[in-house]
Amino acid sequence: MCSGFLLAAFAAGVPRREGVRAADKSAPAVKVDWDARAAAQYLDSREAWWQNWDHAKRDHDTRCVSCHTQAPYALARPELRSMLRESSLSPGEKAMLADVEKRVRNWDQMLPFYSDEKYGEGKEIESRNAESVLNAIILASYDAGADRLSDLTRSAFDHAWAVQSKTGPETGAWVWQDFNYAPWESKESQYHWAALMAMAVARAPGGYSKDTKIAANVALLRGFLQSHYEAQPLLNKIVALWTAGKMPGLLTDTQKTDLLAQVHKLQHSDGGWSTTDLGTWERRDKTPLETRSDGYATGLIVLAIEESGTLEEPRFGPAATSGAERAAHWILTNQDKTTGSWPAWSLNKNRDPKSDAGLFMTDAATAYCVMALYPLWGSR
């Protein structure tokens, strides 16, 4: 079973992309029971919907960069292209990148996504900060396999560094967009996206993370992630664990061990995890949160463990392999074969899971499950 291969990668204790390729050479043939093409079609269709949704439209014929649909799409779709041996970008990717590139290229002419006049004081700063980080993360994802960082991606990083907080308790992070929509646009989101920004910097090609011009910025970012770690909800700690795989020394061995112990205790009997268990969320409509295992939590946790280099943690190692086996089994058996997606539910409202807004969590869940499955398929 493919879960056995996942355990082989876990036991190897190696980074996900490079290490899994090495482990695969000696691993037995693996049957992968999921539909990568259906996942690609789902994510592409959601990007196409976003491009045409009136609410997403902004100035200069551009669209808002969504945390839930476009950013995870930009992280996962290049890996799907590798799995499917596609020779070119999908139409959805081309449209998304054209939008982002246009806004980065004409940064000084672009209006913030949200105005103070319409949405309240401070929203212009919040949206400008958030967009700068999202632009950098998205463009850096497409540069990850290149020899050098493109000039445009470097500009996107420059825009983000320019608005990075340099003083006060949030030094090193960005003033994040807060509409009280967890987990992407709420008070917890600042740390979440700072961690993903750190990962984008660490993954950037051409030694960008060691560029002396950004050394002070990277040091401030690292300091923020380390000093604010203990106060974070479990969801953000898992993202920090994911980032730690690319940024050595970000977390201590004790922090990693303690986090994995907490994660292990929250694993459901079916092998998955529920995002509800990863924080103290409360829906604004006061309806009960969904407690079933979901693709957002499960995909993110498996991805973080794969990437982190902490794969020999006893509960996931030879002493007790069932936890990792069951996690892989959950992902492999919970893809919706009719849509290609993995399920997840809103932390904010009791939404119809088939509605466009109700699919936002499913968009991110599908992207994270795809990335978690990449070691099983990407090197074949």
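Visitor: Which residue lies over the face of Tyr229?
Guide: Lys237, at 5.2 Å from the ring centre. The criterion for a charge over a ring is NZ of Lys or CZ of Arg within 6 Å of the ring centre and within 35 degrees of the ring normal. Before we go on, this is a predicted model: local features need pLDDT of at least 70, side-chain atom pairs count only at pLDDT 80 or more, and totals for chains, interfaces and linings use all residues. Residues are numbered from 1 along each chain as its sequence is written, and side-chain values use heavy atoms, with hydrogens and water left out.

Visitor: And what lies over the face of Tyr181?
Guide: Arg284, at 4.1 Å from the ring centre.

Visitor: Step back. How many helices and strands are in the chain?
Guide: 15 helices and two strands. These are DSSP runs, numbered from the N terminus: helices are H or I with at least four residues, strands E with at least two.

Visitor: How much of the chain counts as buried?
Guide: 58% of the 380 residues. Buried means under 20% relative accessible area, exposed over 50%, and partly exposed in between, with a 1.4 Å probe and protein chains only.

Visitor: At what angle do α9 and α11 cross?
Guide: Roughly 5°, and the axes come within 9 Å. α9 covers residues 189–203 and α11 residues 234–244. The axes are lines fitted to C-alpha atoms, for helices over the stretch in contact, with angles from 0 to 180 degrees between N-to-C directions. The two helices are therefore roughly parallel to each other. That label covers angles under 35 degrees; over 145 is roughly antiparallel, 65 to 115 roughly perpendicular, and the rest oblique.

Visitor: Which residues make the contact?
Guide: From α9, Tyr191, His192, Ala195, Leu196, Ala198 and Met199. From α11, Leu235, Asn236, Val239, Ala240, Trp242 and Thr243.

Visitor: Where is Leu225 found, and what does it touch?
Guide: Leu225 is in helix α10, residues 215–227. Leu225 is buried, with a relative accessible area of 0%. Leaving out residues up to four places away in sequence, Leu225 touches Tyr191, Ala194, Ala195, Ala198 and Leu250.

Visitor: New topic. How many aromatic pairs does a search of the whole structure find?
Guide: 18. Rings of Phe, Tyr and Trp (its six-membered ring) pair if their centres lie within 6.5 Å; planes under 30 degrees apart count as stacked, over 60 as edge-to-face and the rest as tilted. Take Trp49 and Phe360: the centres are 6.1 Å apart and the planes at 45°, so the pair is tilted.

Visitor: Which helices hold those two?
Guide: Trp49 is in α3, residues 36–52, and Phe360 is in α15, residues 360–377. With Trp50 and Trp53, they form one aromatic cluster.

Visitor: Where is the cis peptide bond?
Guide: Between Ala182 and Pro183, with omega about 0°. Pro183 is in the loop between α8 (151–163) and α9. Asn180 is found in the loop between α8 and α9 too, with a positive phi of about 60° although it is not a glycine.

Visitor: And Asp61, buried or exposed?
Guide: Exposed, with a relative accessible area of 56%. Asp61 is in the loop between β1 (57–58) and β2 (62–63). Its phi is positive, near 55°.

How values were computed: Contact = heavy atoms within 4.5 Å.
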